[in-house]
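Open the model in your viewer and keep the selection tool at hand. This tour goes from charged pair to charged pair and ends at a surface patch.

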Amino acid sequence: MDNINYITQNFTGGVTITAIIMLAIPLVSFLLLNLLGGNIKINPGILASVLLGLALVVSLVLFLNVWNSEAIHFTFNWLNVKTDSGSISIRLGFLIDNVTVFMCLVVLIISFAVHLFSIDYMKGEFHYRRFFSLLGFFTFSMLGFILADNLLMLFIFWELIGFSSYVLIGFWFRKPSAARAARKTFIVNRIADIGFLIALMILWSRFGTFDLLEIKKNIADIISHPLMATHGLSWLFFAGFGLFIAAAGKSAQFPLLVWLPEAMEGPIPVSALIHAATMVTAGVFLLVRTYAMLTLPVLTIITVTGTLSAFMGAVAALSQYDLKKVLAYSTISQLGFMIMGVGVGAKEAALFHLFTHAFFKAGLFMAAGMIIKSLSMLKFRLSAQNIDFDVQDMRLMGGLKNKMPVVFITFSVFSAALAGIPFFSGFLSKDTILNGSIAWAHFIAGKGITWAYLVPFFAFLTSFLTVLYIGRALALTFFGEFRLQKLHAGISAISDLLQPRPLIAKIPVVLLSIFSLAIIFSINPFSPGYSWVLSHLITGVSENYSTPSLNFSFTLSTISGHYNLLTSLLSLLVAVSGILTGTYFYLVKKNNLERVNRITVAPDFFQALSYNNWYLDRFYKFTLVRSFNSIAVASSWIDRKVFDKMIDGLGILSVVIAHIAAWLDRSFVDGLVKLTAWITRTVGKIARSMQSGKIQDYYIWTITILILIILWWFL
Amino acid sequence: MIPVENYIVLSSALFVIGLAIVIVKKNLIVVLMGIEFMLNASGINFIVFSKMDKNIFTGQVFTLFIIILAAAEAAVALAIILNVYRHFKTTDIDKINQLKG
């Protein structure tokens, strides 16, 4: 992305049309499934899967066309806003280069796999059709985000992704915990979006454009100007920091990582798609896309936060007994790795780890999903006998390696990839990031900051813990004896009722496990440098324009080659020692299973710290949630007592005025009418009295008028 | 000798009394009497004016005519009153208001 020449296309360019079609198909899936009635004969899952398969084929075409060929920049005018000095044009468009097409391919492979998997997993679900339509909508949002070329479009799709995740996590919205989890996700993401908005505002006010390439060029111009470079660029720092906060919210980094464990309330396919592969990686992708705008202090903050989150996630995963929660914390940890990779200047490595992690983490979730679905079916079958248990609880699993062999093999493959065992894809990508972190530490320490060595130290420690926790999950789930059967010893043949999943669920998982092998990504399984993915993601830097962050990244990538051997050896050491330790603790010393049982009842300090996710939730509840709740209560009090009373007062006032007006109407207007009538009547009465019929009255009138005439005559 | 204003005051007083009787009184016969009053008062007035001029007797002659006419008119009026009484069964003027309108 650094020195690529982008060819501009308009609507008729072949690549553009392909990209538009690829973007449109999931949207079509969403609309079709929403507009179809409930009585349609086609299975909505199969329809959605077919459409997504079509989109996958289109993205493959796009990939083959664009990979290592020309990169395309397509943009068009969307809105024109008239201002005093001319008009501002808001543009939309696509930026299609190596990173884009590979990411689209990964997203669509995983989305397609999740669609296939959900056909079995969500079978019998009441809102089956809605699920698939929402999956399609999410895929559309994610693809739009990947293709976007300017910050505004990125933000629009960022919000769409957040919204899709909200509806998907809260899919079983009638369950209060799920609704709460969805709300929490959305609110935490919203808090992070403040950062995005700040960055948008700063960059627009400085550059007048949202286009990524133009902003990069403008920043490079500013930096290269000799006078400017010495002035403070604090506004750029805040823009970069805002972007980092946004990424931290979406990618569950400290301190905004509290939503991801609770987001496991959603169905497993949702977790596989969103929380393993796509949505949480949107933060990392954003940072990579806007890498030019990040200044060196921001990069340091990013590094520290990434390392911290990786460590915290790994520690928290060590004591969970819910299988999905282990995977959730593992995701936080691996995202921490990616963010750390961006921070230390190895952004290509971060992207590479993003891609491999997508495959093996989604695979882990889906393999876990197969177990959980089988246990749910078992629970349903046993419900007549009043047996109730939590299907995700690892303490009740065990010994499943014989009963569900396919799941065991695939889960093992994914675990090996996660743990960074050689010959698996995770080893390659993690190795590259660790390499980058060591290079960074040497570079920074050379400038006098010695605490920089803590970063690779914690990175390697986290890798060690990764092996431990995933080994623990593997051991608890697949080895030993089936503890549910042991718990309900009276009920016979529980284990016989445990059915494996059908083929349509197994195929995507096996597919993903193939993608978790190292061979796919690199001919030499030990050296990531041979990886065809990595070598084409790395690009050079031209001297014509570049920004400090790009320079930094380039410098580090040149010196990181020195540390390859050291890193590989250290990674191997970590992996082997992790396996040995894990085997010893979890397989040999079986009493650790009792420790798992004790976690909820009587944990010691480290267990409690780990199990409660470093008490972050409780901290937030006591500080932020309480204060915001009291503000909300106070506002509602003001609203009810003050504003409503004012409005009531206005209402009463208008009624009083109406009464007064009625009285005025009755007295004056009617009075005038009555007065007129009275005058007429009285005059009439007087005039009538002349005709009383009494002779004496006639006499009186005659005499009176006669006298009046005489008086008038003579006066 | 006697100033003429006295005679005129007398005749106008009598006339006004007669008018008052006609206007106020309720009995038909009494109204008739009031009319006689007014006639006689006007007669006095005539005589007074004829007395002022030694050679003309017009006033005095006219008074004779008035008396005769008064008598004839009284006869006719009494006849009408009799018929009215026969019809309305009362002599109260206030009750005879069929011309009311």
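Select B:Lys95 and B:Asp92. They form a salt bridge, with the closest N and O atoms 3.5 Å apart. A salt bridge here is a side-chain nitrogen of Lys or Arg within 4 Å of a carboxyl oxygen of Asp or Glu. B:Lys95 is exposed at 55% relative accessibility, whereas B:Asp92 is buried at 15%. Buried means under 20% relative accessible area, exposed over 50%, and partly exposed in between (1.4 Å probe, protein chains only).

This is a predicted model: local features need pLDDT of at least 70, side-chain atom pairs pLDDT 80 or more, while totals for chains, interfaces and linings use all residues. Residues are numbered from 1 along each chain as its sequence is written, chains are lettered from A in the order written, and side-chain values use heavy atoms, without hydrogens and water.

Next, select A:Asp97 and A:Arg289. Their salt bridge has its closest N and O atoms 3.7 Å apart. A:Asp97 sits in the loop between strand E3 and helix H3 of chain A and A:Arg289 in helix H12, so the pair ties together parts 192 residues apart in sequence. Helices (H or I, at least four residues) and strands (E, at least two) are DSSP runs, numbered from the N terminus. Both residues are buried.

Move to A:Arg190 and A:Asp193, bridged at 3.3 Å between the closest N and O atoms. A:Glu159 joins these two in a network of salt bridges.

Finish at the surface. A:Arg180, A:Arg183, A:Arg618, A:Lys621 and A:Arg626 gather in a patch of positive charge. Patch residues have over 30% relative accessible area and no salt bridge, with like charges joined within 9 Å. Helix H28 of chain A gives the largest share, three residues.

Key:
Patch = residues over 30% accessible without salt bridge, like charges linked within 9 Å, V, L, I, M, F, W, Y side chains within 5 Å. Areas by Shrake-Rupley, 256 points an atom, 1.4 Å probe, with all protein chains shown as cover. Lys, Arg positive; Asp, Glu negative; His and termini not counted. Charge placed at Lys NZ, Arg CZ, Asp CG, Glu CD.
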